[in-house]
Structures are given as C-alpha cells and as structure tokens.
Amino acid sequence: MLALALVLPLAGCATDSGPGTGSGSGSESRSGRPDATSSESGPSGTGGGTGGGTGTGTATPAPGTREELRVDGDIRQYLLHRPASASASAGRMPLVVAFHGRGADAAELRTKTRLEQAATARGMLVAFPEGLGHGWGAGTQVTKQRPDPGLDVRFTEALIKHLVRTERADPERVYVAGFSNGGSMALRVAAERPGLLAGAASVSGQLPTGDAAVEPTGSVPVTVVYGADDPVRPLAGLPSPPPDPEEPILPTRSARDTAAAFAAAGGAGEPVTREEEGYDRTVWRLGTDGRGGDRRPDGTVQLLVVQDAGHTWPGSTVPPPEGFGAVSKAVNATDTILDFFADPDPDPDPDLGPDPDLGPGR
C-alpha cells in the first residue's frame with residue numbers, strides 16, 4: 001500500500017452550530033474547538049534546510065482547530081493553524097494547503113513535517129485537509145472508490161475561497177503542497193487550477209499518467225522534491241503499478257517528466273542541473289508564454305533529487321515505516337518548500353536567461 005503506516009489520531013472535536021456560507025457549490029462551514037493534539041507536544045524540530053530559512057522549530061504555533069466545510073453535499077474536514085500573531089487588524093496572510101499521503105491523515109502530515117511551526121514563523125495560515133478514505137483523487141480516472149474524480153479539486157478550490165473570505169488568506173499568495181498521493185494531489189490542483197495558485201510543491205509525488213493522466217494547463221512555479229532511492233514510488237515513475245484491492249494505484253510519470261511538464265506549460269527554456277551537497281537541483285525558468293494561467297509567468301520549476309533518500313520527507317525526525325527507505329538530513333523539505341514559495345527564483349542563473357523582475361511581495 002502506498003501509504004504511511006504511522007497514523008496519529010486526533011481527538012474528536014464537537015462543532016459549533018453556526019454555519020457560514022461556503023464558496024463552493026452548496027458549501028457551508030462549521031468551526032471546531034482547538035485540536036487536542038497540537039504539535040507543540042510533538043517531536044523536536046527538523047534539521048537545517050538547503051538555505052538559511054527561518055527554521056522549523058523557531059516559533060510555537062497557536063493551537064489548531066478542526067473545521068468543517070460542506071462541498072458538493074459532502075462534509076469535509078480540515079485542520080487549520082493560524083499564526084499566533086494573527087489579529088483582526090492584521091493584513092492578509094499567505095495560505096498553504098497541505099495534503100497528507102495515502103492511508104494517513106492531517107495529523108500525521110503535521111507531525112512529520114512540522115509545517116505549521118515553520119509557517120507560523122513566516123506569518124502563514126496552514127490548512128491540512130482530510131482526504132476521503134484517507135486518500136486523494138489525484139488522477140482523472142473514474143474508479144469504484146472515486147466515481148467523481150474531480151471532487152477533491154473542487155473541494156480544494158472551495159476551501160481556498162472559504163479561507164480567503166473568512167480567515168484573511170491572501171488570494172495572491174495561495175500555495176499547495178503534499179506528500180506521496182498528497183503530493184500528486186497538490187500537482188493536480190496546480191495543473192488544473194494554475195490561476196488559483198502562486199506556487200505548488202510535491203514530496204515523493206508525481207503526475208498521474210495513462211487513463212488517469214493529468215496535464216498542466218498554465219504557468220505556475222512548482223518544486224518537486226524526490227528521494228533518489230524511493231522504493232515505493234520510484235524516481236523513474238510507476239508506469240505499471242501493481243493491483244490494489246482497496247484502491248487502484250495510479251500509474252505515474254517520472255519525477256523529471258513531472259517537473260518538465262509544468263516547465264513546458266509555463267513556456268520554460270532548457271533546464272540547468274547543479275550538484276549540491278546531498279542532492280541535485282534541476283531548474284527551468286518559466287517564460288512569458290505560459291498557457292491559461294492568470295498568475296505571473298515568472299519564477300521557476302525545480303526538481304530536487306535527494307541522494308540516499310527513500311519514500312520519506314527529508315529533514316523529518318519521525319521514523320518512516322519499514323520498507324520506505326532512509327530520511328535524508330541533507331535537505332529540510334519543509335523549509336525548502338516554504339522558501340521556494342516566498343521566492344520561486346532565489347538564485348537566477350545566467351544560463352537560464354534574463355532575470356525577470358519578480359515584483360514586490362512575491
């Protein structure tokens with residue numbers, strides 16, 4: 001099963017009775033009480049990232065809350081973490097929507113990545129949505145388990161619009177990220193809704209192919225972080241996955257072909273690859289002729305292939321399940337992703353063409 005066996009349960013949360021008006025089709029929301037398993041009592045912070053960053057253990061987030069949002073007739077749940085400094089007078093905040101892996105849940109991803117702590121240090125909102133059946137419809141193929149393959153894309157869009165309206169999320173700084181099946185889900189949202197996002201990131205997740213294929217439709221900065229020795233979802237892709245009686249495992253492109261597809265959709269030129277300590281970085285600079293997106297066409301698409309790393313979140317202190325491979329400490333995926341979101345072209349290379357003006361606040 002392409003899933004993390006480590007699933008940390010959340011205490012149940014009663015919801016208030018005052019619904020709001022959602023932004024999706026027939027959507028409404030209800031707010032829960034603080035999440036009883038806030039990561040303040042979780043494991044210690046992860047190691048250093050690929051750059052300076054602000055560190056994943058430098059700030060204590062406010063307790064998260066379990067929230068509900070009705071979309072397309074389904075009541076969907078998510079954990080929401082607000083920066084401790086957030087106030088009614090504060091301006092709009094960046095938003096990260098983070099998708100857990102198959103077989104896992106929001107609490108597991110939060111504990112493994114400590115994403116909400118790193119985001120708190122940057123003044124960001126973080127939403128950890130719960131997948132139906134502990135998974136995501138990352139591909140376009142209709143299956144018995146997922147008869148409506150577009151359901152999770154619509155849920156994500158409704159969730160983002162809801163948080164823009166109710167939590168002062170900045171619609172110009174919305175990002176998605178995920179691990180494994182959740183990484184593929186983040187990539188699908190970026191591929192099909194590029195105008196909704198300012199960036200996307202996937203760890204150990206690739207674009208589905210074959211009957212479930214997802215094709216990028218516009219320009220958006222994307223970073224893909226992948227273990228060179230991933231034994232679960234190989235770096236070279238999974239074109240002929242083994243059958244799974246619970247839910248079909250989707251065929252995928254390779255990690256490089258995944259990144260290259262987003263680069264092509266963004267009008268990028270030829271990539272440049274650099275060997276860095278513990279990983280290789282391949283960078284495509286987005287051009288000005290991306291198709292379909294209404295976001296800025298600048299920034300980059302990046303692929304980080306992490307040496308001696310398996311189907312794991314680099315920099316995590318949470319041991320992976322048996323058979324998932326090693327956790328690299330050469331890269332801190334959490335800081336790397338958030339740094340990329342803040343500046344998707346931090347170190348322009350002359351070989352990639354002229355350096356575009358990234359503009360303020362991006």
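Modeller: Before we start, a polar contact here is a pair of N or O atoms within 3.5 Å; within protein, one must be able to donate a hydrogen and the other to accept it, and residues adjacent in sequence count only if both atoms are side-chain atoms. This is a predicted model, where local features need pLDDT of at least 70, side-chain atom pairs count only at pLDDT 80 or more, and totals for chains, interfaces and linings use all residues. Residues are numbered from 1 along each chain as its sequence is written, and side-chain values use heavy atoms, with hydrogens and water left out.

Colleague: Thanks! Which side chain does the side chain of E68 make a polar contact with?

Modeller: Start with strand β3, residues 65-71, where E68 lies; strands (E, at least two residues) and helices (H or I, at least four) are DSSP runs, numbered from the N terminus. E68 has a relative accessible area of 10%, so it counts as buried (under 20%; exposed is over 50%, partly exposed in between, with a 1.4 Å probe and protein chains only). At 3.5 Å, its side-chain partner is Q77.

Colleague: How far apart are the C-alpha atoms of E68 and L79?

Modeller: Along the chain, E68 and L79 are 11 residues apart.

Colleague: Is S180 buried or exposed?

Modeller: S180 sits in the loop between β7 (169-179) and α4 (181-192). Its phi is positive, near 60°, in a residue other than glycine. With a relative accessible area of 1%, S180 is buried.

Colleague: And what is the phi of S204?

Modeller: Look in the loop between β8 (199-203) and β9 (222-227). S204 is buried there, at 0% relative accessibility. Although S204 is not a glycine, its phi is positive, at about 60°.
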